[in-house]
Amino acid sequence: MGNVYRIVGVGFALAIAALFLLSRVAGARDDGRFAGSPLKSWFDHLASSKGLCCSFADGVSVEDVDWDTGGKNQDTQSEGGHYRVRLNGQWVDVPDAAVVTEPNKFGPAVVWPYQDNAGVTQIRCFIPGAGS
């Protein structure tokens with residue numbers, strides 16, 4: 001009977017630890033840094049054809065030298081005229097469906113990357129810099 005209590009106790013401790021870790025991960029997305037920004041509402045409603053881009057806290061500002069229009073069309077694989085961004089030293093083609101078409105109120109380009117199940121960097125949203 002003592003082993004049953006020990007197993008239940010260990011299971012309970014693991015469940016508490018898992019809940020703690022999940023709450024830390026969930027809270028990491030929106031830590032409130034941009035709550036006072038006048039652009040917060042605009043970022044929160046920004047979307048591409050792939051859906052909402054989330055918020056600026058999830059996006060990455062891209063320097064002008066780290067994005068251009070030399071990428072491939074994801075559907076036809078034709079060269080040129082499509083956006084690409086440099087992430088972690090690698091150029092990643094931006095799918096046309098990920099491009100945000102409304103004017104950029106922020107200024108610099110912003111990309112919302114994520115890793116797919118295979119660990120490959122994908123792009124949910126991209127908004128070109130305001131000067132483009």
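Modeller: Happy to. Keep in mind that the model is predicted. Let's begin with the sulfurs: the structure holds 1 disulfide.

Colleague: What makes cysteine 53 and cysteine 125 a disulfide?

Modeller: Their sulfur atoms are 2.1 Å apart, and the cut-off is 2.5 Å, so the pair counts as a disulfide. The link joins distant parts of the chain, 72 residues apart: cysteine 53 is in the loop between β2 (51-52) and β3 (60-62), while cysteine 125 is in strand β8.

Colleague: Which hand does the link of cysteine 53 and cysteine 125 have?

Modeller: Left-handed, with -95 degrees about the S-S bond.

Colleague: On to the rings. Why is the pair of tryptophan 42 and phenylalanine 43 called edge-to-face?

Modeller: By the ring rule there are 6 aromatic pairs. For tryptophan 42 and phenylalanine 43 the centres are 4.8 Å apart and the planes sit at 65 degrees. The limits are 6.5 Å for the centres and over 60 degrees for edge-to-face, so this pair is edge-to-face. Tryptophan 42 and phenylalanine 43 are buried.

Colleague: Then why is the pair of phenylalanine 43 and tryptophan 112 tilted?

Modeller: Here the planes are at 55 degrees and the centres 6.4 Å apart. Phenylalanine 43 belongs to helix α2 (residues 40-45) and tryptophan 112 to strand β7 (residues 109-115), so the pair ties together parts 69 residues apart in sequence. Phenylalanine 43 and tryptophan 112 are both buried. Ring pairs also link Trp42, Phe43, Phe106 and Trp112 into a cluster.

Colleague: How do you know that arginine 84 lies over the face of tryptophan 91?

Modeller: Arginine 84 is at 4.1 Å from the ring centre, against a limit of 6 Å. The rule also asks for a position within 35 degrees of the ring normal, and arginine 84 is listed as lying over the face.

Colleague: What makes up the largest nonpolar core?

Modeller: That core has 12 residues, including Val62, Trp67, Leu87, Val111, Ile123 and Phe126. The elements giving two or more residues to this core are β5 (79-87), β7 and β8 (121-127). Apart from it lies another core, of 9 residues, among them Trp42, Phe43, Val100 and Trp112.

Colleague: Last one: is asparagine 104 buried or exposed?

Modeller: Buried: its relative accessible area is 12%, and the cut-off is 20%. Asparagine 104 lies in the loop between β6 (90-93) and β7.

Colleague: Which backbone nitrogens does the side chain of asparagine 104 reach?

Modeller: The one of phenylalanine 106, at 2.7 Å, and the one of glycine 107, at 2.9 Å. The limit for a polar contact is 3.5 Å, so both qualify. Leaving aside neighbours within four places in sequence, asparagine 104 is in contact with residues including Trp42, Ala109 and Pro128.

Terms used
Residues are numbered from 1 along each chain as its sequence is written. This is a predicted model: local features need pLDDT of at least 70, side-chain atom pairs count only at pLDDT 80 or more; totals for chains, interfaces and linings use all residues. Side-chain values use heavy atoms; hydrogens and water are left out. Rings of Phe, Tyr and Trp (its six-membered ring) pair if their centres lie within 6.5 Å; planes under 30 degrees apart count as stacked, over 60 as edge-to-face and the rest as tilted. Buried means under 20% relative accessible area, exposed over 50%, partly exposed in between (1.4 Å probe, protein chains only). Helices (H or I, at least four residues) and strands (E, at least two) are DSSP runs, numbered from the N terminus. A nonpolar core is a set of buried Ala, Val, Leu, Ile, Met, Phe, Trp, Tyr and Cys residues joined through side-chain atoms within 4.5 Å. A polar contact is a pair of N or O atoms within 3.5 Å; within protein, one must be able to donate a hydrogen and the other to accept it, and residues adjacent in sequence count only if both atoms are side-chain atoms. Contact means heavy atoms within 4.5 Å.
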